[in-house]
Amino acid sequence: MKIQLKLYASSKILSDTDILKVDLPNSSNVGDLRNALSKIISEKNLKQLKDLPAASAFFGEFNEVINDEYKLKDKELISIIPPIGGG
């Protein structure tokens with residue numbers, strides 16, 4: 001199945017567009033998406049994003065926070081919100 005990952009903030013360097021399409025096996029969940037994202041980051045040698053999958057929040061299509069057990073649907077749009085520092 002294909003998941004559309006809407007990118008925000010530092011995650012935008014993962015793609016030339018605001019959406020990164022991620023291929024996952026059927027019945028995958030957000031935890032599987034985190035693992036796939038870690039692999040993509042490693043393959044692209046984006047060391048500055050190595051903590052992104054573990055530290056980010058994921059949101060569903062209705063702007064609700066979704067946890068790692070959330071079952072994804074084919075062609076679903078998921079947003080990744082990286083942590084933002086400041087002060």
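**Contacts, sheet and core**

Colleague: What does F58 touch, leaving out residues up to four places away in sequence?

Modeller: F58 touches L5, V30, L33, R34, L37, P53, E64, V65, I66, I78, S79 and I80. Contact means heavy atoms within 4.5 Å. This is a predicted model, where local features need pLDDT of at least 70, side-chain atom pairs count only at pLDDT 80 or more, and totals for chains, interfaces and linings use all residues. Residues are numbered from 1 along each chain as its sequence is written, and side-chain values use heavy atoms, with hydrogens and water left out.

Colleague: Which residues touch the most other members of the largest nonpolar core?

Modeller: L5, L14, L37 and F58, out of 22 residues. A nonpolar core here is a set of buried Ala, Val, Leu, Ile, Met, Phe, Trp, Tyr and Cys residues joined through side-chain atoms within 4.5 Å. Buried means under 20% relative accessible area, exposed over 50%, partly exposed in between (1.4 Å probe, protein chains only).

Colleague: And which element gives the largest share?

Modeller: α1, with six residues. Helices (H or I, at least four residues) and strands (E, at least two) are DSSP runs, numbered from the N terminus.

Colleague: Sheet next. What is the strand order?

Modeller: β2-β1-β5-β3-β4, an open sheet of five strands with mixed pairing. β2 (19-23) and β4 (65-66) are at the edges with a single partner strand each, so one side of each has no neighbour in the sheet. Helix α1 (residues 30-43) packs on the sheet and touches β1 (2-7), β2, β3, β4 and β5 (77-81).

Colleague: Is L77 buried, exposed or partly exposed?

Modeller: Partly exposed, at a relative accessible area of 32%. L77 is in strand β5, and its C-alpha is 9.4 Å from that of K21, 56 residues away in sequence.

Colleague: Different topic. Which charge lies over the face of Y8?

Modeller: K6, at 5.6 Å from the ring centre. The rule wants NZ of Lys or CZ of Arg within 6 Å of the ring centre and within 35 degrees of the ring normal.

Conventions: Two strands pair if DSSP finds at least two bridges between them. Axes are lines fitted to C-alpha atoms, for helices over the stretch in contact, and angles run from 0 to 180 degrees between N-to-C directions.
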